[in-house]
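Here is a colleague's note for a first look at this structure. Please read the points with the sequence and the model side by side.

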Number of protein chains: 2
Amino acid sequence: MRIAILAHEKFPHRAKTALGILRYSDDDIVAVLDRDNAGARVSDFVSDVQDAPIGSQMAAIDEPVDALVIGISPIGGAFEESWRDDVRTALERGCDVISGLHYFLADDEEFAALATENDCELRDVRKPPADLTVSEGTAADVDADVILTVGTDCSVGKMTVSMELARAAREAGHDAAVIPTGQTGIMIEGWGNPVDRVVSDFTAGAVEEMIVEKGDEHDYLFVEGQGSIVHPAYSAVTCGILHGAMADRLVLCHDAGREAIHGYESFSLPPISTYVDLYEGLATPVQEASVAAGALNTAGIDDEAVARRELEAYEAELGAPASDVIRFGSDPILEAIL
Amino acid sequence: MRIAILAHEKFPHRAKTALGILRYSDDDIVAVLDRDNAGARVSDFVSDVQDAPIGSQMAAIDEPVDALVIGISPIGGAFEESWRDDVRTALERGCDVISGLHYFLADDEEFAALATENDCELRDVRKPPADLTVSEGTAADVDADVILTVGTDCSVGKMTVSMELARAAREAGHDAAVIPTGQTGIMIEGWGNPVDRVVSDFTAGAVEEMIVEKGDEHDYLFVEGQGSIVHPAYSAVTCGILHGAMADRLVLCHDAGREAIHGYESFSLPPISTYVDLYEGLATPVQEASVAAGALNTAGIDDEAVARRELEAYEAELGAPASDVIRFGSDPILEAIL
C-alpha cells in the first residue's frame, strides 16, 4: 500500500503514531503532511525510520496514494477541523482514510457520503468490533509462546519494544507476530482490538480473542501491553491484558529517570522490585509468568556511557537482563525470552 | 412499586440479583418467576428475605404489577430467548421492564415497539452514562472513609456485604452510604454506574466520579466491589475499582468451600494470604489500604457449628476479624473497620 500520513504541526516529536508507522510499517510512505515542515524530509528530523518527503496538504501530493492515515492524536482524540480539506481530498481521490481518533470518521456525514460516492473505506481503528465478549481463560492453550510487554507507566515504550522484539525474532529466523492492542500498533499491523476502548468486562476477552486467532500460526507472539498495573486511571486495562494474554514471559518496560506517573505527578513510581512482585504475583493464579527481561528507554539521556550505567542499574534492580532496544539492540532481551 | 422478578431455572442460588432485591429493596415483590420452582414460595428456600409466591410465567400472574425485573444474569449477560414471552407479556400489560443484562432491551426492536405502544419504560441499568471519563486520582480527597469489598471470586457476596455493613453502620448511628457498581446494587439503590460495562479506560474513573459526588455528604462510603483480582475474565474491573475507589480499608469476601473460580473450574483459588498480599500490594502505590476484616459466606453449610469453625479458620488465614454478615451479623466487621 502507498500511504500518506497526516501529522500537521506535530511532526516528529508529538506524532507518535506517525513515527511508529514510519519505523515499522511495510507500507510505502509517499508523504507526511505537516504544514509547519512542508518542503523538508523525514530524514531531516529522524534517521532510523523510513524516509519520505513532507508536504503541506493532500492536494499537493501528485503521486498515487491508496490510504491517508491520521498520524497524530490530540488530547481527547477529537478531529481538528483544519484537517477536513485533507480528508475530503483523499476521499475524492479514492483513498481510504484510517484513523485512531476517538471521533469516528464514519460517523461524520460529509466523510461518510464521500466514502460511499468514491467507493473507499473509512477505517476507525479505535472502534472495537461488536462481537467481543468475556474471556474464557484459554489463551494459554495456543501453541505459540506468548511474551507480554508490561510497564512502569504509560508512554515508556511498550509498543516499540513489542515491535522491535518481534522484528529481531524474525530476523533470527523465528516465526514471530505482534498482537496489537492500541491504535498505533493496530495501524502498523493492519488489524487488532483497541483494548482501551472495549467494554471493561471484555478487556481480557479482547486480548484472548486475538491470541486464540493467531496463536497456532506462529511460534512466538509479542503482545503489546498498555498502561501500568499501578496507574491511577489505566490499571484496569493493564490487568485485563495480563490475564487475557496468559503470557509465558513478561518484559518490564521503563523510561530511565521517570519518577512519577506521567500526568499524575503526585503518584510516585514504586521500586522496580515492587513491579516485578506485582506483575508476577498477579499473573500466577491465572497463568504463571516471570519477568524474564527488561527494556529501558534511555532516549532522554544524551551521553551513551550514562545510558549504559542506567541500564546496568536497571538490570540489577530487575534481577534480569535488559536493553534499550533502539540504542543497544534487542539481543540481550531475546536471549532471555526465546 | 409492585414488582415481579424473572429468575427462570436459577432461583435461588444462581439468582443473585433476585435475592438482593428480595433482601434489600423497599418495593413490594408480587412474584418471582422460575418455571422450575413454580408453585413454591421464596420462603421455601430462603428465610431471611421478603417472601413471595413463585410463578411459572408472567401471563400466570393475576395481580397488578408495575415492573418486571430481570433477576438473573447468565455469563456474558446475554438475553435468553426463553424469557421473551415474559417480557412481551409484561410490556403488553403496561409494566416497565428493568434489566441489568449486557444485552440492552431498549435496542431490541420488538421490545422497543411494545414499550412505545404501551407507554412503558425499558430501563437498562447496565447502560453507562455518556459523560464518564478517565480517573484523575482524586477519590482519596473526600471527607468520608472509604471501605471497599473485594473478593476471592465472583458471586461470593460482595454486594450483600456492602449493603449489610452500610445498614449496620447506619443502625449504629453513623452516616453511611453504598456506592453501587453493579446491576443489583444499582437496582436497589436507584442510582450508580455499571462499572463492568463502561469503556475499559474509564473503569477507575467511573468509580471515582461516584465517590467524589457522594464523599463529602457521608462519614462512611461502602463501595460494592466486583469480580476478583485473579479472575481470568473480570480482573480488569476489580483492578479499576480498587484504584478508582482509593479505599482506606478493604473487606475480603469469600464463599466457604469455594475452591475454584466459578465457571472457570480449571483455575484454583490461591490461598487467602495471597489475596491479602495482592490486594494490599496493588492498592499501596495508588493509596495504601489494608484488608481490615473478612466476610465469609457460609450459606452452603447447614450445621451452624461447622459454619462457625469455617469462620474461625478463615479469620486465622486472614489475620483479621471476620463474620458471615447474614448468619452471624456485621458487628465483628464493623468493629474492625469503623
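1. Polar contacts. A polar contact is a pair of N or O atoms within 3.5 Å; within protein, one must be able to donate a hydrogen and the other to accept it, and residues adjacent in sequence count only if both atoms are side-chain atoms. By that rule, 14 residue pairs, both at pLDDT 80 or more, are in polar contact across the interface of chain B and chain A.

2. Ground rules. This is a predicted model, in which local features need pLDDT of at least 70, side-chain atom pairs count only at pLDDT 80 or more, and totals for chains, interfaces and linings use all residues. Residues are numbered from 1 along each chain as its sequence is written, chains are lettered from A and ligands numbered from 1 in the order in which they are written, and side-chain values use heavy atoms, with hydrogens and water left out.

3. How the copies are related. Two copies of a chain are related by a rotation about an axis and a shift along it. Here, chain B is superposed on chain A by a rotation of 176 degrees with 1.0 Å of shift along the axis, at an RMSD of 1.6 Å. The two copies are thus related as by a two-fold rotation axis. In chain B, the C-alpha of B:S200 is nearest the axis, 2.0 Å from it. The superposition is by least squares on the C-alpha atoms of residues with pLDDT of at least 70 in both copies.

4. The chain interface. Contact means heavy atoms within 4.5 Å. On that basis, 39 residues of chain B are in contact with 35 residues of chain A. Of the interface residues of chain B, 90% are also interface residues in chain A, so the copies meet through the same surface. The two chains bury about 3000 Å² between them, 62% of it on carbon and sulfur atoms. Buried area is the accessible area (1.4 Å probe) that two parts lose on being put together, summed over both.

5. What builds the side of chain B. Which salt bridge joins A:D201 to the other chain? The partner is B:R126, with N to O at 3.8 Å between the side chains. A salt bridge is a side-chain nitrogen of Lys or Arg within 4 Å of a carboxyl oxygen of Asp or Glu. Helix 6 (203-214), helix 7 (235-245), strand 12 (264-268) and helix 8 (272-283) of chain B each give two or more residues to the side that touches chain A. Helix 7 of chain B has the largest share, 6 residues. By class, this side has 23 nonpolar, 11 polar and 5 charged residues. Ala, Val, Leu, Ile, Met, Phe, Trp, Tyr, Cys and Pro count as nonpolar, Asp, Glu, Lys and Arg as charged, and the others, Gly among them, as polar. Helices (H or I, at least four residues) and strands (E, at least two) are DSSP runs, numbered from the N terminus.

6. Two domains in chain A. Chain A is divided into domain 1 (2-124) and domain 2 (139-337). These bounds come from an automatic or database domain assignment. The domain centres, taken over C-alpha atoms, are 28 Å apart. Their contact takes 17 residues from domain 1 and 13 residues from domain 2 of chain A. The two domains bury about 1200 Å² between them, 59% of it on carbon and sulfur atoms. A:T17, A:Y24 and A:H102 supply 43% of the area that domain 1 buries against domain 2, more than any other three residues.

7. Polar links between the domains. The count between domain 1 and domain 2 of chain A is 0 salt bridges. The rule does find 5 residue pairs in polar contact there, both at pLDDT 80 or more. Helix 1 (16-24), strand 4 (67-70) and strand 5 (96-99) of chain A each supply at least two residues of the domain 1 side. Helix 1 of chain A gives the most, with 6 residues.

8. Backbone points to check. Most residues other than glycine have a negative phi, and most peptide bonds are trans. The peptide bond from A:F11 to A:P12 is cis, with omega near 0 degrees. The bond from B:F11 to B:P12 is also cis. A:P12 lies in the loop between strand 1 (2-6) and helix 1 of chain A. A:E9 is in the loop between strand 1 and helix 1 of chain A. A:E9 has a positive phi of about 65 degrees, although it is not a glycine.
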